Amino acid sequence: MEFPVKDFSYTIPPMNLISIENLSKTVNDNPLFQNVTMGIDEGEKIGFIGPNGAGKSTLLHILSGLIETDTGNISRNNNLRISMLEQTPVIPEGITIRDFLYRGDTPVIKLIAEYHRCLENYNHTESTVGSGRDLALQELTEQMDKENGWEIENNYLSFLSELKLDNPDQVMDNLSGGMKKKAVLARALASKPTLLILDEPTNHLDIEIIEWLENYLHAANFSFIMVTHDRYFLDSVCTGIMELDKGRIYKYPGNYSTFLERRDIRLSTEQNEQAKIKSILRRELEWLSRGPKARASKDKKRKMRIEDLMDKKSQIEHERTEFSSSNRRLGKKILELKDIEKSYNNKTVISPFTYKFKKGERIGIIGPNGSGKTTFLNIISEQISPDNGKIEKGLNTEFGYYDQLSNHLSEAASRNFTVLEYIQETAEQITLGNGKIASAAKFLEMFNFPSGTHRTLLTKLSGGEKRRLFLIKTLITNPNFLILDEPTNDLDLDTMRRLEDYIISFKGTIIVVSHDRTFLDRTTDFLFIFDGKGEIKGFTGNYSEYHEFIQINQKTDSPKDQAGSPPVKKSKTNFPTVETKRKLTYKENKEFSNLEAEIDKLEEEKTELEASFSIAGIKPEEIKRNHKKYKIVTESIEIKLARWEELAERTG
């Protein structure tokens with residue numbers, strides 16, 4: 001007789017790295033989070049999201065031990081080794097990339113720095129055997145052996161090489177923002193942490209390096225918690241999403257796509273709860289509105305319950321308003337570039353380049369750091385002049401330039417402007433896309449700047465809040481040619497989605513530099529590709545389509561090396577140059593086939609409205625209503641005809 005074999009195996013639970021209990025923190029009299037309880041386990045790869053100014057960076061600094069909590073307990077594993085990439089790291093003046101490693105805050109990097117100080121001191125002073133200097137150096141050497149300090153130095157140089165920082169003795173003062181970010185990233189990765197904390201790691205990096213980091217973290221065996229707005233990144237590398245919303249932390253298993261599904265369920269539950277609260281409130285308020293005699297038998301607890309319900313209702317409700325502003329109509333000529341060129345220090349940034357911009361174009365710009373993308377935007381927006389060539393701007397073209405540095409906001413902050421004053425400087429009233437008028441204060445409220453923040457000085461805002469405010473300022477100038485330089489840096493996901501919706505409905509011309517692949521996919525249908533040597537190529541399609549095109553061409557044209565890994569990506573020359581006529585995308589073909597029927601339908605409606613004006617006995621209110629409708633229909637016909645002509649020209 002056979003007996004089944006019992007399986008005595010079991011799964012070892014993951015080791016806990018950090019536990020926090022009832023944590024609370026208030027900054028500038030603003031409670032960021034209260035009574036937060038959560039843990040981070042070995043192997044977890046967490047994406048951390050939430051609105052600008054909600055306290056994400058503050059919580060990361062608390063986890064890393066850089067700042068203290070107001071209340072609550074934090075327990076850290078004895079073997080925990082934390083490394084942090086800060087959003088705005090401090091880089092001392094005059095320091096080289098090599099020496100930047102020794103300015104880190106982690107214990108092991110402090111050990112390496114102390115060892116090198118001791119070694120330098122030892123080499124420059126006389127010493128006798130058995131002296132204190134000998135013993136100190138010997139002790140530090142033993143600690144370096146124990147903590148693998150030698151390995152960390154080698155790791156740092158290796159990461160610098162992979163990130164294409166080939167000269168570690170270069171002074172960092174002269175580096176671009178993207179190159180500085182690479183050095184900070186290399187230092188954070190070099191110490192081989194058990195927990196890596198990343199605050200906006202993709203900001204200022206080009207897409208090639210972002211994809212490198214994405215692949216590295218996907219294969220990593222350490223844990224990390226990362227604040228980022230890059231939805232591709234969140235979806236491909238995260239095993240969990242942590243959301244900070246109205247002072248509470250919600251933790252969801254799975255990647256970003258799974259989070260969206262689970263969050264939708266949570267919000268649906270909250271909406272059901274809100275409906276119940278409204279029903280109870282209605283009955284309670286009816287009771288409260290009765291005379292004193294009618295409710296004399298009721299006690300004070302019922303009034304307290306009403307107040308609690310009112311508070312709860314205000315916490316649950318959250319108004320979502322789309323970005324919307326009116327925009328000027330473009331003329332026939334928008335912007336023409338004729339053989340423009342630009343060089344810096346004998347390096348060609350833009351070779352002779354010609355392009356004629358058209359109404360409704362949504363152009364994305366990609367290329368490595370330092371390839372001239374921002375220079376190009378500054379030229380077309382008339383911030384700087386080209387060395388050669390000609391720029392012809394249409395009479396009705398009005399630029400809205402959202403630059404990467406927000407220089408205009410920095411100037412306003414130096415003048416002690418408040419949030420409201422900064423917006424009122426541009427407009428006291430704003431015409432919305434639907435024709436309605438909103439005051440500057442109301443417009444701010446629509447975009448998550450409640451009235452309580454309107455008197456806040458710009459200097460008191462978080463980095464993300466400043467960028468969001470500058471974005472609002474740019475949009476209310478009523479542009480018809482929108483120029484966006486890295487618009488997603490420091491913006492929260494909610495603001496980015498609103499901006500995407502705005503761009504999709506924008507009737508003018510848009511050109512955007514971005515490293516955010518999701519943003520490019522959703523907002524652009526044509527690309528300018530900068531190769532870093534001055535050449536600009538064109539590609540019809542969004543970023544995913546371009547990436548797929550490159551992958552196919554690499555497989556077809558480039559044999560693998562002996563190790564079996566694909567070679568370094570090279571610029572392709574077999575896609576159409578910018579100067580050639582753009583073919584219609586699938587989406588544009590579909591639009592073109594529908595436009596004629598839409599125009600015919602509007603023409604019929606226009607004829608019917610014209611006939612109504614001669615009907616005897618029609619009421620004045622109806623005449624007024626028909627005139628308003630007639631104006632809307634006529635404008636729609638003009639817009640659709642112009643679009644039809646533009647697409648028809650490209651089909652020919």
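1. Aromatic cluster. Ring pairs join Phe-353, Tyr-355, Phe-357, Phe-376, Phe-399, Phe-481, Phe-526, Phe-528 and Phe-530 into a cluster. Rings of Phe, Tyr and Trp (its six-membered ring) are taken as a pair when their centres lie within 6.5 Å; planes under 30 degrees apart are called stacked, over 60 edge-to-face, and the rest tilted. With this rule the count is 22 aromatic pairs.

2. What you are looking at. This is a predicted model, in which local features need pLDDT of at least 70 and side-chain atom pairs count only at pLDDT 80 or more, while totals for chains, interfaces and linings use all residues. Residues are numbered from 1 along each chain as its sequence is written, and side-chain values use heavy atoms, with hydrogens and water left out.

3. Overall picture. The protein has 20 helices and 20 strands; helices (H or I, at least four residues) and strands (E, at least two) are DSSP runs, numbered from the N terminus. Of its 652 residues, 45% count as buried, where buried means under 20% relative accessible area, exposed over 50%, and partly exposed in between (1.4 Å probe, protein chains only). Contact here means heavy atoms within 4.5 Å. Among contacts between residues at least 6 apart in sequence, 68% join residues at least 24 apart.

4. Two ring pairs to look at. Phe-159 and Trp-212 form an edge-to-face pair, 6.2 Å centre to centre with 85 degrees between the planes. Phe-159 belongs to helix H5 (residues 149-162) and Trp-212 to helix H7 (residues 207-219), so this pair ties together parts that are 53 residues apart in sequence. Phe-159 and Trp-212 are both buried. The pair of Tyr-543 and Tyr-546 is tilted, because the ring centres are 6.4 Å apart and the planes stand at 55 degrees. Those two tyrosines are three residues apart in helix H18 (residues 543-557), so about one helical turn separates them. Tyr-543 is buried at 6% relative accessible area, and Tyr-546 is buried at 12%.

5. Charges over rings. The charged end of Arg-187 sits over the ring of Phe-100, 3.9 Å from its centre. For this, NZ of Lys or CZ of Arg must be within 6 Å of the ring centre and within 35 degrees of the ring normal. Likewise, the charged end of Lys-473 sits over the ring of Tyr-422, 4.2 Å from its centre.

6. How H5 packs on H6. Two packed helices are described by the angle between their axes and the distance between the axes. The axes of H5 and helix H6 (residues 177-190) come within 8 Å and cross at roughly 145 degrees; axes are lines fitted to C-alpha atoms, for helices over the stretch in contact, and angles run from 0 to 180 degrees between N-to-C directions. H5 passes H6 in a right-handed crossing (left-handed if the near helix is turned anticlockwise from the far one by less than a right angle, right-handed if clockwise). On the H5 side, Ile-152, Asn-155, Tyr-156, Phe-159 and Leu-160 meet Ala-183, Ala-186, Arg-187, Leu-189 and Ala-190 of H6. The residues of this contact divide into eight nonpolar, one polar and one charged, with Ala, Val, Leu, Ile, Met, Phe, Trp, Tyr, Cys and Pro counted as nonpolar, Asp, Glu, Lys and Arg as charged, and the others, Gly among them, as polar.

7. Val-184 lies in helix H6 and is buried, with a relative accessible area of 3%. Leaving aside neighbours within four places in sequence, Val-184 is in contact with Leu-85, Pro-89 and Phe-100. Ser-191 lies in the loop between H6 and strand E6 (195-199) and is buried at 1%. Not counting residues up to four places away in sequence, Ser-191 touches Arg-81, Ser-83, Val-108 and Ile-152.

8. Backbone angles worth a look. Phi of Asp-339 is near 50 degrees, a positive value in a residue other than glycine. Asp-339 is found in strand E10 (residues 335-344) and is partly exposed at 46% relative accessible area. Phi of Asp-490 is near 75 degrees, again positive in a residue other than glycine. Asp-490 has its place in the loop between strand E17 (481-485) and helix H16 (493-505), and is buried at 17%.
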